[in-house]
Amino acid sequence: MFLKETSLNWALRHVRKEGDTDLFPQPFEFDVIKKYWPSVLTELKLVQINAHTWKGPRRLMVPKSEFGFRAVCQLDPEDSILFAALVKEIGRSIERKRSSPADNTVFSYRFDPGPDGRLYAGNTGWEGFWQTSSSHCDDFPCALVTDISDFYNQIYHHTIENQLNECGVKREYWFALRNLFANLTEGVSRGVPIGPHPAHLIAEMAMIPVDDFIKSMGVKFCRYVDDIHIFCESERVARSILYKLADFLDKTQKIQLNRQKTQMLETKQFKETCDSNAVDKPINDLELEVLKAVRSHTKSPYERVRMVKLSNADLAKLSQANIESVLKDYLDAEDVDYIRLRWFIRRLAQVGVPGGVSFIVKRFDEFLPAIAEVGKYFESAAPNFNGKWKDIGEDLIKLYDTDLVQASEYLQVVILSLFSRIKDLNHVNSLTKLYAQSSPMCQRKIMLAAAMAKASAWLSTLKGAYKNADPWSRRAILYSLRALPKDEKDFWLKSVKKRVDGLDALIVDYIS
């Protein structure tokens, strides 16, 4: 079976609009693929998707909260496009089988692809989840609050197979997904990838029987991914439902509820929690003013707004003092709300205002659970920052050398990525000294940063490493050597052209 050309075209727009993941900077390979898309499209149309050999992903442990982590993977660029196109083709069948949005029970990742590459409906699900839960608190005295332990990693592949069949999806799509998941989980029959956006819909499909079971008990409930709120007439009824739900999950999917996060609460108490989790509840009046300034130009949580379009009144609201005050209040809270902090940093990245850059660098270790958002914010703010990026770069180099960052490859990758995307950070000599003892993922970022800084003498030493490098490093070597003097580059590329194919060959053409 082959994927449709329209699906593949949409998939390219998707990865360029929303990224291949939320947690890694978008690889340069997608720029190359975009330039040579007719050629790549011809190749991808010939992929027999049900028998496709998926390439090995990159995998890192990423901070989720102050003490929590998740294993996140990044697919090969062409595989990211194939996966997105595959899910695009089966998405309608899955969405039709889910609880209707009109039921106000399931709020997460509603499939609603747009021609621009959007995959899911607007970013109001989290807000709707908590607002609806809050409204149910007015009608019931007790709430059962629970979630599933390590949900994405525990999804049983047989459940996915069964649900695809229930959704009326052709078997060939299951064969493709089975091969992908087997590659990612090294043969274990559990787990879907954390990171790629299309995986969310697969996880939602695995929850269809759970939603149906809860609904069959005749209770009001709300769900967002694996967070479940069930509203009951009494604690006794809630406990009975908990026992039934735990038994159902064990017998049907061999998954368990998270003991630490399972509670029975009086709804008077829980309503306060619901209201405090509403997206539009700023931490202070200054945040409210900052958000008003952003929303006066766009209602979308994704659309970028050029800073030059901001009025003087907007700029006053988005001042460094105001932004630092908001960030400080988040960090100084007894229990830091990283969900809202990430959301606020995304709003700053929308407009590229630089007022939070210096503050974040000074207290960088406290922002680590929001590091992906921080990286995107710095990149967005770079053209508007009037301070000394080189001083920021020096602070980042010092931070990179701390025990905390050295304990996490993901943190190293994100920091190094900033040097490969913000030219004025510089410090290429310090970076190249780190190369020999760095992991391949970090080496890739150092190469890209060296190319940004036009460190041609050092880059010239990498030519011999090309032959034995892994695919991600090999592509980075090729791409980085664009910084070599033209004669040297052309001479080397002439010999390499005879040995490359696929995406490597396109990169050679791209830098020629």
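How many helices and strands does the protein chain have? The protein chain has 27 helices and six strands, counted as DSSP runs (helices H or I, at least four residues; strands E, at least two) and numbered from the N terminus. Its radius of gyration, taken over C-alpha atoms, is 24 Å, close to the 24 Å that the globule rule gives for 512 residues, so the chain is as compact as a globular protein of that length. That rule is 2.2 Å times the number of residues to the power 0.38.

This is a predicted model: local features need pLDDT of at least 70, side-chain atom pairs count only at pLDDT 80 or more, and totals for chains, interfaces and linings use all residues. Residues are numbered from 1 along each chain as its sequence is written, and side-chain values use heavy atoms, without hydrogens and water.

**Overall build**
- The C-alpha trace spans about 80 × 55 × 40 Å along its principal axes.
- Buried residues (under 20% relative accessible area, 1.4 Å probe, protein chains only) make up 56% of the 512 residues.

**The sheet**
- Four strands form an open sheet in the order S4-S5-S3-S6, with antiparallel pairing; strands pair if DSSP finds at least two bridges between them.
- Strand S4 (220-224) and strand S6 (263-266) are the edge strands, each pairing on one side only.
- Strand S3 (residues 142-147) and S6 run antiparallel, joined by four bridges.
- Cys142 has Glu266 in S6 as its bridge partner.

**Helices on the sheet**
- Helix H5 (residues 125-137) packs on the sheet and touches S4 and strand S5 (227-232); contact means heavy atoms within 4.5 Å.
- The direction of H5 makes about 160 degrees with that of S4; angles run from 0 to 180 degrees between N-to-C directions, with axes fitted to C-alpha atoms, for helices over the stretch in contact.
- Helix H10 (residues 208-216) lies across S4 and S5, at about 165 degrees to S4.

How values were computed
Buried means under 20% relative accessible area, exposed over 50%, partly exposed in between (1.4 Å probe, protein chains only).
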